[in-house]
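Visitor: I am new to this structure and would like to learn how to read its features. Could we take them one by one?

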Amino acid sequence: MAGLDKMKSQILNEAKAAADAKTAKANAEAEDILSQAKAEAEKRQSSISQKSASEVANYKERVVSSIDLQRRTKILGAKQEMIAAVLDKAYETVTSLGDKEYFELILKMLGKYALSQEGEIFFSAEDLKRLPAGFEQDAQQKAQANGGSLKVARKGMNIENGFVLVYGGIEENCTLRAMFDAKRDELADKVHRMLFS
């Protein structure tokens, strides 16, 4: 029986050695897989961390850009309000000129807008009442200097200030509001340069 025990012991030893070898091989493979998984996890963590840092940097940049845009928009709005206030004040100043200065301005405007044709100039009823002596002759001289002629209409037109020129049924609106509105962009640019340059 001793031989049988010996054989049994030898088979058990060989089986144990084979099992130990397989266990060692499996442990080595498991260690290798674990090491690879750890390396992959670190690589992904680094990639995620870099992506996250990049996204944070992009977000900060967008926030700064948005704040800067809001700041510039508010500054622009404030500048536009200031320019509008200056233009409104200029309009008020021109409309509140005394009779002498007001009609001198009207004559300058006639020199610019009178056409080389026969026409009529219309004023508001209030302006007709305060026309200075000799104004009609002065207006006629301005029109003649441009190669035309003008007569002052005796009927007041429903306008606030300034005048309307009528040539053959075609009206040229030369009210102060129309002049300011037509030149608003140009005037706003001038005011902008004066205030902010």
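This is a predicted model: local features need pLDDT of at least 70, side-chain atom pairs count only at pLDDT 80 or more; totals for chains, interfaces and linings use all residues.

Visitor: Which residue meets Arg71 in a salt bridge?

Guide: Asp68 does, with 2.6 Å from N to O.

Visitor: Where do Arg177 and Asp181 lie?

Guide: Both are in helix H5, residues 176-182, and they are 4 residues apart, about one turn of the helix. Partly exposed stands between buried, under 20% relative accessible area, and exposed, over 50%. Arg177 is at 33%, so it counts as partly exposed, and Asp181 is at 45%, so it does as well.

Visitor: Which residue does Lys190 meet in a salt bridge?

Guide: Lys190 meets Glu186, at 3.7 Å from N to O. This pair lies in helix H6, with 4 residues, or about one turn of the helix, between one and the other. Lys190 has a relative accessible area of 40% and Glu186 has 41%.

Visitor: What else is found in helix H6?

Guide: His192 has its place there, and it is partly exposed at 33%. From Ser96, His192 is 96 residues away in sequence and 24 Å away in space, C-alpha to C-alpha. Leu195 is also in helix H6, and its 40% relative accessibility makes it partly exposed.

Visitor: Which residues form the nonpolar patch on the surface?

Guide: Met82, Val86, Met194 and Leu195 form it, with about 380 Å² of accessible area together. Helix H1 (2-95) and helix H6 (184-196) are the elements that give two or more residues to this patch.

Visitor: How are two packed helices described?

Guide: They are described by the angle between their axes and the distance between the axes. In this model, helix H2 (residues 99-113) and helix H4 (residues 135-145) pack at about 25°, with axes 8 Å apart. Angles under 35 degrees count as roughly parallel, and H2 and H4 are therefore roughly parallel to each other.

Visitor: Is the crossing of H2 and H4 left-handed or right-handed?

Guide: H2 passes H4 in a right-handed crossing.

Note on methods: Residues are numbered from 1 along each chain as its sequence is written. Side-chain values use heavy atoms; hydrogens and water are left out. Patches are made of residues with over 30% relative accessible area and no salt bridge: like charges are joined within 9 Å, nonpolar side chains (Val, Leu, Ile, Met, Phe, Trp, Tyr) within 5 Å. Accessible areas come from the Shrake-Rupley method with a 1.4 Å probe; for residues, only the protein chains shown count as cover. A salt bridge is a side-chain nitrogen of Lys or Arg within 4 Å of a carboxyl oxygen of Asp or Glu. Buried means under 20% relative accessible area, exposed over 50%, partly exposed in between (1.4 Å probe, protein chains only). Axes are lines fitted to C-alpha atoms, for helices over the stretch in contact, and angles run from 0 to 180 degrees between N-to-C directions. Angles under 35 degrees count as roughly parallel, over 145 as roughly antiparallel, 65 to 115 as roughly perpendicular and the rest as oblique. A crossing is left-handed if the near helix is turned anticlockwise from the far one by less than a right angle, and right-handed if clockwise.
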